Every structure is written in C-alpha cells, then in structure tokens.
Amino acid sequence: MKGVDIKGCFDNISHDWLIANVPMDKVVLRKWLKAGYLESGQLNPTEAGAPQGGIISPVLANLALDGLEKALESRFGQRNTKASYKTKVNYVRYADDFVITGISKELLENEVKPVVEAFMAARGLSRAAEKTLFTHVSEGFDFLGQNVRKYGDKLLIKPAHRNVKAFLAKVKALIEGNKTAPTSLLIDKLNPVIRGWANYHRPIVAKQTFNYVDYRIWKLLWWWCRRRHGNRCKRWIKEKYFKRIGKRSWVFSGLYPSGKLATLLYADDTTIQGHKKIRAEAE
C-alpha cells in the first residue's frame, strides 16, 4: 500500500501546464492565474500555483491530477486484465490525496513511484516525502479520516484515531466555550457536529467508536454540569440535566424558552449502513 500526499499542490502547480491543458478560454485562465491576491491591502503576484480557497482552484487541481490512472494503466495494465493481476496496481484519489496499491513494496518503490513522480513533475508538482507512507495492508493506513487495515483475512475500515481525537477536541472546545450558556443552546451547537461526524463514518465499522465518543462527550458534559453547580450533589445534577428518553437513560437535556425539551444526539443512535456500490448496468 502507498499513501501519497502532494507537496504544496495549490502553491506549486504549473501555470504553463494548466494553460496548455485545461479546456477553457486560455485568455481568461491566464488572467485569473496571474491576477495575484490582496493581503493587508498589499497586492502579491502569483507566479505559480492556484490560490487556495479560490473559486476554481479545486477544479484546476483535479484537472491537473486527472490522467495519473491512465499513466499507471499504460505501464501496469488496465483493470481486470491479465497484466493487472500480476502487479495488482490500483489507484484511488480524492482531491490531492491518493492511495496506490501493489503486490509488493519493492514494486511500489522501484516501479510505481517513478511513474507518479514523472507525472507530477510535468505539472510542477512533487511528492511530500514526509506524508507519503509505504506500508502493508496488515499494518493499515489512514485515508480521509478513516483507517484501512486487514485483520487476518478480513479488511476493516474504521474511524482513524487522529480523526476521533480531532472530533473530540472540537466538541471539548464547544463545551468549554459555552460554560454559561443555556443547556438548550449548548445542545443546539453540539448536535450538528455530532450528527455530521457520525453520518460521515456510518458506512464503515464504527459502532465501537461511536460508543467511545458518546462516553467521552458524557464526561465532558458532566464536568460542565458540575462546574455550574459545585455545591449540589450528584443526584440533583443527574435529575436536572440527564433524563430517561425512551429506552436510553442519562440523556443530556434542557428546556427551550418555549418549554419544549431539547435532547443531545448520541453518535451510537446512528445506524451503520454499509456502502452500496453503484450498479453499473442499472435499468
């Protein structure tokens, strides 16, 4: 397995290559690339790269990286052919992050890497060595916030440890930043964050991780409650903030000004739904 990250994709991408290969009005593209950017009232020229955050920068970056799959296929064979079965070279990309699989580490380092580096060099790009990982699938690797690893004969995809840590840090910052906020307001701030993160990971093996983050969030909320009512006993705090809703106990809750009950969303309530591949010949 090879996980690859491109060094300064938006900063270093070649203007000449974009102008020569992107199918759009060349005059408009050339002017846009050379327009520069304003920072603190000062105009800065752009001799190379596309401004990150610019309205068409992601499109240009994707156009620049299109073609790597064909370059690999021309060298190692198209998918589902006899040549491809010998090397097992496959390529998956999202924006400027991609993974290439191969039958051995030697093949990836000695044959695949030169193809990738030559492809990127033509576009003014280079591989970020410190972010490129050569690893066996049994050791696993992170890709787009998820960890891909083979356990024995079974390949499992789980939320990556760093992704979980970043998510909990965001939740902690929200809770600590709303120490005196009404309970309903805190719940309204937390629910979209929890829902978005859980929905992102719902197609993979995430049930155990969902339980873990719910526990960590509960501990943070218990700290939030104890801080507000340091002179109250634990039973009083539990009865005020944690209700029984349906079959679940200890649901963090609060009242809106209208009297309606606000309840915290739990990641574990998100149903795991395996990803369904698009049917190639759907009628």
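User: Over how many bridges do strand β8 and β9 pair?
Analyst: This is a predicted model: local features need pLDDT of at least 70, side-chain atom pairs count only at pLDDT 80 or more, and totals for chains, interfaces and linings use all residues. Residues are numbered from 1 along each chain as its sequence is written; side-chain values use heavy atoms, with hydrogens and water left out. Strands are DSSP runs of E (at least two residues), helices are runs of H or I (at least four), both numbered from the N terminus, and strands pair if DSSP finds at least two bridges between them. For β8 (residues 146-151) and β9, paired in the antiparallel sense, the count is 6 bridges.

User: Which residue in β9 is the bridge partner of Val148?
Analyst: β8 covers residues 146-151 and pairs with β9. Within β9, Val148 has as its bridge partner Ile157.

User: Which residue takes a positive phi in the hairpin of β10 and β11?
Analyst: β10 and β11 (residues 248-255) pair over 3 bridges, and Ile245 has Arg248 as its bridge partner. The hairpin leaves 2 residues between the strands. The one with a positive phi, near 65°, is Gly246.

User: Are α9 and α10 roughly parallel or roughly antiparallel?
Analyst: The axes of α9 (residues 183-201) and α10 (residues 207-228) come within 12 Å and cross at roughly 165°. Angles under 35 degrees count as roughly parallel, over 145 as roughly antiparallel, 65 to 115 as roughly perpendicular and the rest as oblique. That makes α9 and α10 roughly antiparallel.

User: How many nonpolar residues does the contact of α9 with α10 have?
Analyst: Contact means heavy atoms within 4.5 Å. Among the residues that meet are Leu186, Ile194 and Trp197 in α9 and Phe210, Val213 and Trp224 in α10. Ala, Val, Leu, Ile, Met, Phe, Trp, Tyr, Cys and Pro count as nonpolar, Asp, Glu, Lys and Arg as charged, and the others, Gly among them, as polar. By class there are 3 polar residues, no charged ones, and nonpolar residues numbering 10.

User: How many charged residues does the contact of α5 with α7 have?
Analyst: The axes of α5 (residues 68-76) and α7 (residues 105-121) come within 10 Å and cross at roughly 135°. The two helices are therefore oblique to each other. Residues that meet include Arg75 and Phe76 in α5 and Glu111 and Phe119 in α7. The contact has 9 nonpolar residues, no polar ones, and charged residues numbering 2.

User: Which residue caps the N-terminal end of helix α3?
Analyst: α3 spans residues 26-34. Just after this helix, Gly36 takes a positive phi of about 80°. At the N-terminal end, a side-chain oxygen of the capping residue lies 2.9 Å from the backbone nitrogen of Val27; that residue is Asp25.

Conventions
Axes are lines fitted to C-alpha atoms, for helices over the stretch in contact, and angles run from 0 to 180 degrees between N-to-C directions. A polar contact is a pair of N or O atoms within 3.5 Å; within protein, one must be able to donate a hydrogen and the other to accept it, and residues adjacent in sequence count only if both atoms are side-chain atoms.
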